[in-house]
Amino acid sequence: MPGTRRARPSPGAAITSSPWIVVSIGVIVMVVLLVVALGSVRGRRTFAEAPPPDPTMSLPQVAVSTPTAPAGTTRPPASAAGPVVPGLSPRSTVLPARPTPRPSPSAGGTGSRPAPPPPAPAPAPVTGRYGVVSSFDGGFVGEVRLVNTAGTARGWTVRIAFPRGRLVAAWVSGAEQGSGRFTDGVLTYRSGVDLAPGASVALQFHFERTGTTRPSSCAVDGAACSGL
C-alpha cells in the first residue's frame, strides 16, 4: 500500500531470533580465556620448578710470596726458557758425559808421555851420626861419628852450627888431625887423611854457652847427620 513504511527489525530482536550466534560468541570467549589461563599457569610452573642456584662462598685471599734474589743479581723472567741441550727434554737434569780427551800424537808419531821422575840422589859415601859425649854447667862435649860406606878410601867434611855458642876446641879422636875453622857460629872441619872403606872415626868438639846440646844443623859432605 502506497504511503506505508515497513518497520526495520532491531539488533536485539535479530540476536534473540538467532540463539546460535550467542552460543558461538560465548564459546569463542571461553576458548580465549582458557588459552590465556594455560599460558600463565605454564609460565609460573617453569619458574617454580627451576632449582635455586648454589650459594657462592668467597675464599680468603692467600698472599703468594716470591723469593727475592740477593742484591746485585738479576733474575731472568719466568717466561724465559733456558737453552735446550740436543737430545734431552726440557725437564731432564742428566747431562751427557763429556768425551775423555785423547793425547795428541807428537811430531814423532807417538803419544806424549809424562816425564819420568828425577832419579833419587845417591847416598853419601861417608855418613855421620851426631851424639853428646858429656855435658856440664855452661857447656858440653859432642861428636859426629863418621863411617865410610864406600868401597874405596874417602875424605870427608863436617859442618855443624851453634849460632849462640862458643867453640873451645875440636879434634879427631884416635886418628890423624885435620883442619877446621869456626865462623859465624858454624864449625867446618876437613879430614887430614882419607877414611878407609868400612872404617869409622869420631870428630869431637867442646862448645860453651850454646843454651842447648842440639845443633841447628849438622851435615857430612852435604848429607844431614842422623841422631838429631
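The model is a predicted one. Within it, Ile-160 stands opposite Leu-187 in β6, and the strands β3 and β6 pair in the antiparallel sense over five bridges.

That pairing is part of a wider arrangement. An open sheet of five strands runs in the order β5-β6-β3-β8-β9, with antiparallel pairing. The edges are taken by β5 (179–183) and β9 (223–224); each has a single partner strand, so one side of each is left without a neighbour in the sheet.

Ile-160 also belongs to the largest nonpolar core, which has 20 residues. Together with Val-144, Leu-146, Trp-156, Phe-205 and Val-220, Ile-160 is among the residues that touch the most other members. At least two residues of this core come from each of β1 (126–136), β2 (139–148), β3 (157–161), β6 (186–190), β7 (200–208) and β8 (217–220). The most is given by β7, with four residues.

Residues up to four places away in sequence aside, Gln-204 touches Val-133, Gly-142, Glu-143, Ala-169, Ala-170, Trp-171 and Ser-173. One of these contacts involves polar atoms of both side chains: Gln-204 and Glu-143 are joined by a polar contact of 3.2 Å.

Glu-143 leads on to the charged pairs. The whole structure contains two salt bridges. In one, the side chain of Glu-143 meets that of Arg-145, at 3.8 Å from N to O. Glu-143 is buried, with a relative accessible area of 15%, whereas Arg-145 is partly exposed, at 38%. The side chain of Glu-143 therefore takes part in a salt bridge with Arg-145 and in a polar contact with Gln-204, while Glu-143 itself is buried.

The other salt bridge is formed by Glu-208 and Arg-166, whose closest N and O atoms are 2.5 Å apart. This pair links distant parts of the chain, since Glu-208 lies in strand β7 and Arg-166 in strand β4 (residues 166–173), 42 residues apart. Arg-166 is partly exposed, with a relative accessible area of 38%.

Key
Residues numbered from 1 in each chain as written. Predicted model: local features only at pLDDT ≥ 70, side-chain atom pairs only at ≥ 80, totals over all residues. Heavy atoms only, no water. Core = buried A, V, L, I, M, F, W, Y, C linked by side-chain atoms within 4.5 Å. Buried < 20%, exposed > 50% of the residue type's maximum accessible area, 1.4 Å probe, protein only. Pairing = 2+ DSSP bridges. Polar contact = N/O pair within 3.5 Å; in protein donor to acceptor, adjacent residues only side chain to side chain. Contact = heavy atoms within 4.5 Å. Salt bridge = Lys/Arg side-chain N within 4 Å of Asp/Glu carboxyl O.
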